[in-house]
Amino acid sequence: MRTTPCVTRLGAFRGGSFSFLGGPQPVESFEPGDALTRHDPFAALRYANFRRLIVGRFLTTLGVLMLGVAVGWELYERTHSAFALGLVGLVQAVPVFALSLPAGHLADRRTRRPIVVVAQLVYVLATLGLALVSSLHGPLVIFYACLALLGVSDAFAVPAGSTLMPLTVPERAFTNAATWSSSSWQLAAVMGPALGGVIIAVTKHATPVYLFNAITASVAILLTISLRITETIIPHDTTTLHALAEGARFLRDKPVMLAAITLDMFAVLFGGATTLLPIYASDILHVGPAGLGWLRAAPSAGAVLMALTQAFRPPWRRAGRTLLLAVAGFGVATVIFGLSRNFFLSLLMLIALGALDNISVVIRATLLMVQTPDAMRGRVNAVNGMFVTASNELGGFESGLLAQLFTPIASVVGGGIGTLLVVGAVALIWPEMRHLRGLSGKSDLVAE
């Protein structure tokens, strides 16, 4: 659902207009008067570095989501196995869990952009490998090896890449930045799956999609290098297990952050239906690869609508309660989607899923930026990345396994019910979440 942001280079933005052909820009600094006292829906977009970041993220996400459609369709066409679809998540999750803590420690002890660039190079090699295996109809073991290499890339790119956005805007614009960042990601996620499905339907092959993804990832490398920010270089210290686990201990002592991350992880782990969309498109809704593209795009369409709504409204006044209700609604929409036999009802439920999930993404991202000191961002984001991986990749494996053992419908409906149970458990275990107020700054992160 969520990918590593990349960056691009734009000119100045003043008076509501963009200049894409401006010359080199100096490193931005934030003055005390930069943040507006009234709500400004374009606050984050007034900073050139932030605009570079989200435009680059759009380009990368476009390719990544096209790749997701191609992988799911090709595997199901070759195997007709729900377990084969679920295995995609497992092979990507293993390297993330094995490498995230060392990668987070590295991100807090080295300049972060070179780490992101190297991770993106690995990503390009992996996508080229997928294209080769696909064109030659090669062994699936090599196909899965390339997917595992994508997991290695994510393990290093997520902790390092997630630290960049807080360097592009002042703290008072963090919520607005998280909202627009999510909007750019989701806009690309609307277009990517639909475009990927159309390309597969027209060419009758997934190889062109993999090649397109390699091109966008290559462009992202150049755009990442062009970002102009100042990073704090932290003196190197000895790498120990204690240092590697410091991010986990930090989250343990922040109950609201831990509750938000846990809620997101288990909700998507149990309630994610996207892994089984190839089965729904082919065997249940009977809409083919083009329909699969629309199904994959629907959650992102809902997320874009919600992200724009959040950008133009003041920050949530009761963020904790809003988050709990949003995830509960996510569970209900998942159950309805699982039972639906109507393509348009299924699309509507997936749109609702994306809209409700976007609320969770924005609240969680804002909490991470506001409450995490820069010296800890790499390790904290590494732990968060592990939670996200558990929800996305392991959730996909769980959905595929249950669909293989029972039925796809039972897997999706049971997951939605599990999501509702998780909401109730989180509300009881962490009462701080129920009383969380606003997110505009550290002073708002208090209980009522």
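**Close-up views of a predicted model**

**View 1. The second largest cavity has a volume of about 40 Å³.** The model is predicted: local features need pLDDT of at least 70, side-chain atom pairs count only at pLDDT 80 or more, and totals for chains, interfaces and linings use all residues. Residues are numbered from 1 along each chain as its sequence is written, and side-chain values use heavy atoms, without hydrogens and water. A cavity is a set of points, on a 1 Å grid over the protein atoms alone, where a 1.4 Å probe fits but cannot get out; its volume is the space filled by probe spheres set on the points. The count comes to 2 cavities of 30 Å³ or more.

**View 2. Asp264, Ala267, Val268, Val327, Phe330, Leu356, Asp357 and Ser360 line the second largest cavity.** Lining residues have an atom within 4 Å of a point. Two or more of them come from each of helix 9 (255-271), helix 12 (319-339) and helix 13 (343-371). Helices are DSSP runs (H or I, at least four residues), numbered from the N terminus. By class, this lining has 5 nonpolar, 1 polar and 2 charged residues.

**View 3. Helix 10 (residues 277-284) packs with helix 11 (residues 288-312) at an angle of about 140°, their axes 9 Å apart.** Axes are lines fitted to C-alpha atoms over the stretch in contact, and angles run from 0 to 180 degrees between N-to-C directions.

**View 4. Leu277, Pro278 and Ala281 of helix 10 meet Gly288, Leu292, Leu295 and Arg296 of helix 11.** Contact means heavy atoms within 4.5 Å. The residues of this contact divide into 5 nonpolar, 1 polar and 1 charged, with Gly counted as polar and Arg as charged.

Key. 1 Å grid on protein atoms, 1.4 Å probe; cavity = no way out; pocket = protein on both sides within 12 Å on 5 of 7 lines; lining within 4 Å.
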